[in-house]
Amino acid sequence: MEGIKDEIIGIVGDSLQELRKRIIANHEAAGQVASGRTRDSLKVESTEDGGILWGRQAFGVLETGRKPGKVPKGFSDIILQWMEDKGITVEYPKSFAYLVARKIANEGTSLYRSGKIDIYSTDMENTIKEIMNRVVGIFDTEVKHINLNFSACLLYTSKRPRDRT
């Protein structure tokens, strides 16, 4: 049974690594990479129970954008850093960052206002289905193997002569 468990953990780990690569490719294709911290935060951890794909807390807004409302303290400084990471230059960067932060606080990001994009949802659903199908396939094969062995045992251990065929 340890061999099966190791095989399943391998399937989960490999599948999560491939999912990580697809999410990064989608993130980059959407032009969302600024500093790369969000992209670089994606890590796969294999455990004895399966695996985990870790990412920054802010990862959720990659698909939905940031809704309007309360913003973190120093949000305009965060926007200023984002501008530097993206290579955005303007004549008055602090004023521009303040105005952008205020617009986001009042209206949300343009992604939030325009609708969702698919960075990870579809790939995550497909990966879960793929893992399930592969794991079920392993157990299906194992159950057939057990049934074959059990039938063979019945054939050879039967005490009635007519059952020994």
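**Entry 1: helix H4**

I started with the buried residues of H4 and found that they pack against helix H5 (93-107). This is a predicted model, so I keep that in mind for everything below. Which residues of H4 are buried? I noted Phe75, Ile79, Leu80 and Met83. They sit on the same side of H4, because they cover an arc of only 145° around the axis. On the other side of H4, I found Asp77 and Glu84 exposed.

Next I checked the length of H4, which runs over residues 75-86.

**Entry 2: the whole chain**

Then I stepped back. I counted 7 helices and 2 strands in the protein. Reading from the N terminus, the order of elements is α-α-β-β-α-α-α-α-α. The protein has 165 residues, and 25% of them count as buried. I also looked at contacts between residues at least 6 apart in sequence: 65% of these join residues at least 24 apart.

A reminder from class: in soluble globular proteins, nonpolar side chains tend to be buried together. So where does that show up here? The largest nonpolar core has 16 residues, and Ile8, Ile23 and Phe59 have the most contacts inside it. H1 and helix H7 (121-157) each supply at least two residues of this core. The largest share, 8 residues, comes from H1.

Setting aside its neighbours within four places in sequence, Ile23 is in contact with Leu42, Leu53, Phe59, Ile119 and Tyr120. Apart from this core lies another one, of 7 residues, and among them are Leu80, Met83, Ala97 and Ala101. I had already met Leu80 and Met83 as buried residues of H4.

**Entry 3: an aromatic pair**

How many aromatic pairs does a search of the whole structure find? I got 1. The partners are Phe59 and Tyr120, with ring centres 5.9 Å apart. Their planes are at 50°, so I wrote the pair down as tilted. Both Phe59 and Tyr120 are buried.

Phe59 lies in the loop between strand E2 (50-54) and helix H3 (61-64), while Tyr120 lies in the loop between helix H6 (110-114) and H7. The pair therefore ties together parts that are 61 residues apart in sequence.

**Entry 4: His27**

Back to H1, which covers residues 2-29 and holds His27. Is His27 buried or exposed? I have it as buried, because its relative accessible area is 3%, and the cut-off for buried is under 20%. The side chain of His27 makes a polar contact with the side chain of Gln32, at 3.0 Å. Ignoring neighbours within four places in sequence, I listed its contacts as Gln32, Val33, Thr38, Arg39, Leu62 and Ile119. Ile119 is also on my list for Ile23.

**Entry 5: Met124**

My last stop was Met124, in helix H7. Met124 counts as partly exposed because its relative accessibility is 35%. I also checked Met124 against Arg20: the two are 104 residues apart along the chain, and their C-alpha atoms are separated by 9.4 Å.

Methods
Residues numbered from 1 in each chain as written. Predicted model: local features only at pLDDT ≥ 70, side-chain atom pairs only at ≥ 80, totals over all residues. Heavy atoms only, no water. Helix = DSSP H or I, 4+ residues; strand = E, 2+ residues; numbered from the N terminus. Buried < 20%, exposed > 50% of the residue type's maximum accessible area, 1.4 Å probe, protein only. Polar contact = N/O pair within 3.5 Å; in protein donor to acceptor, adjacent residues only side chain to side chain. Contact = heavy atoms within 4.5 Å. Expected span 1.5 Å × (residues − 1). Arc of directions from axis to C-beta. Core = buried A, V, L, I, M, F, W, Y, C linked by side-chain atoms within 4.5 Å. Phe/Tyr/Trp six-rings, centres within 6.5 Å; stacked < 30°, edge-to-face > 60°.
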